[in-house]
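Subject: Structure for you to look at

Hello,

Here is the structure I promised you. Please open it and keep it beside this email while you read.

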Amino acid sequence: MRKQLIVIGAGPGGYVAAFTAADLGLNVTLIDDGQNPGGVCLYRGCIPSKALLHIARIIEESREAKELGVEFGEPRIDLDRVREFKSQVVSKLTGGLGQLAKQRKIEFIQGRAKFLSSNSVEVQKADGSKETLEFDHAILATGSLPITLPFAPRSERVLDSTSALELRNIPGRLLVIGGGYIGLELGTVYRALGSEVSVVEMTPSLLPGADKDLALTLSKRLQGQFKSIKLNTKVTAISETPNAVSVSFEDKNGQVLTEEFDKVLIAIGRKNVYDGLGLDNTKIQFSDDKKFIKVNAQRQTTDPSIYAIGDIAGQPMLAHKASAEGKVAAEAIAGHKAGFDVKAIPAVVFTDPEIAWCGITEAEAKDKGLNVTVSKFPWAASGRAVTLNR
Ligand code: FAD
């Protein structure tokens, strides 16, 4: 049977597109390799990291309560139960999405899809069978994968965000490579659970791209919590020793230093992987740097029957941006007037303190020659902040 719409990838882009299209009366098939919709965000990204950050906050607040005259003992961490809590959060939310898909009569296929042409895909199903589906329209929402360092050994001691979230154990000494939000959030979790955390970042500040005043406030607090934060420093080698990982650093003056850690978390960004999607069988084209799929305001690719949304369709790689694009693509396919025409996309870093921004930064505004006014409000003058002892 020819499908009206197939959606490949059921992350926050794909499931929102599928739900919107079904609500608009289209007959929808949603394909993902997970047991339920959710994608990277729900299974191994935003949601498990936020569940663990909640635990980190409880631990931190219980320690800080001492200053307010309430003393708890040292927390005893039952890692099995921590993992169980995180898994329950994930299954509750992904199971809920599965129900919502059913209610909308969306056909959910667990498997991996590959384009055979501009109007057909082959699905390798989780049960081992294969099926070819023809479609009028497809939305590609296959997301991204963590980038690794080419010289990093394959080892239990070398983590990416996915394996770090599995929380197999709490290493004594953890090095986080990359001072972006994923590295800092996971570093915060491991530090609260007992690791001594060090961070290394190639650029001159943490959270490159964020407003410097915000990054600095976070940086100051993290300096008191993490063992060290090395900026302007590159990791040049990682090797496994019998009981640790040895890491070489090079600072901006070319000085080389080698240190040992129990585990290393590589959090240097995410990239789109096109292998196995059969894009050569379509008319899809890529951005000049090949990092993203080229799309127009409706998120339609250069192949008119195929749309692309989420991480695969451009920066910022954030869940709510994927969802907003999913809604636009579904509406456009259903014949509505819709376009992804945003002025500003909010971003939040769930560290402690949490920081958030929206739109361009002061530095970007200055680069563009815009008139800039800076307004600051000190938290010390906020009654709410003071009552929180912050
Ligand atoms: P994804 O969520 O990446 O889902 C894509 C799905 O497609 C996956 O299930 C994948 O297995 C499946 N797939 C791939 N290929 C195929 C195929 N051939 N056939 C079928 N299925 C396929 N963003 C935020 O906004 N806030 C946060 O707090 C946040 N925290 C994060 C924390 C971590 C640790 C990580 C790693 C990411 C975080 N993100 C966060 C980013 C967010 O997860 C992504 O931007 C978002 O998931 C992108 O959504 P997507 O729809 O493009 O696809």
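**Helix 8 and its side chains**

S323 sits in helix 8. Keep in mind that this is a predicted model. Is S323 buried or exposed? S323 is buried, because its relative accessible area is 19% and the cut-off for buried is under 20%. Its side chain reaches the backbone oxygen of P12, at 2.9 Å.

One joins the side chains of K321 and E325, at 3.1 Å from N to O. Both residues belong to helix 8 and lie four residues apart, about one turn of the helix. K321 counts as buried, with 3% relative accessibility. E325 is buried as well, at 0%.

The other joins the side chains of K327 and E331, again 3.1 Å from N to O. These two also lie in helix 8, four residues apart, about one turn. Here the partners fall into separate classes. K327 is partly exposed, because its relative accessibility is 43%. E331 is buried, because its relative accessible area is 18%.

**Other salt bridges**

Side chains of opposite charge can pair when their charged atoms come close. How many salt bridges does the structure hold? The count is 23.

Find R104 and D23 next. Their side chains meet in a salt bridge of 2.9 Å, N to O. This pair links distant parts of the chain, 81 residues apart. R104 is in the loop between helix 4 (79-103) and strand 3, while D23 is in helix 1. R104 counts as partly exposed, with 28% relative accessibility. D23 is exposed, because its relative accessible area is 52% and exposed means over 50%.

Salt bridges can also form a network here. E64, R221, D352 and R390 are linked in this way.

**Around the ligand**

Now turn to the ligand.

- A polar backbone atom of G13 is 2.8 Å from a ligand oxygen.
- An N or O atom in the side chain of D32 is 2.8 Å from a ligand oxygen.
- An N or O atom in the side chain of D311 is 2.9 Å from a ligand oxygen.

Taken alone, the ligand exposes 1,000 Å², and the protein buries 96% of that.

**On the surface and in the loops**

I360, L370, V372 and V374 form a nonpolar patch on the surface. Together they have about 310 Å² of accessible area. V372 lies in the loop between helix 9 (362-367) and helix 10 (383-387). V372 is partly exposed, because its relative accessible area is 31%.

L231 is in another loop, between strand 10 (228-230) and strand 11 (234-241). L231 counts as partly exposed, at 27% relative accessibility. The C-alpha atoms of L231 and K252 are separated by 8.9 Å. Along the chain, these two are 21 residues apart.

Best wishes

Key. Residues numbered from 1 in each chain as written. Predicted model: local features only at pLDDT ≥ 70, side-chain atom pairs only at ≥ 80, totals over all residues. Heavy atoms only, no water. Polar contact = N/O pair within 3.5 Å; in protein donor to acceptor, adjacent residues only side chain to side chain. Areas by Shrake-Rupley, 256 points an atom, 1.4 Å probe, with all protein chains shown as cover. Patch = residues over 30% accessible without salt bridge, like charges linked within 9 Å, V, L, I, M, F, W, Y side chains within 5 Å. Salt bridge = Lys/Arg side-chain N within 4 Å of Asp/Glu carboxyl O. Buried < 20%, exposed > 50% of the residue type's maximum accessible area, 1.4 Å probe, protein only.
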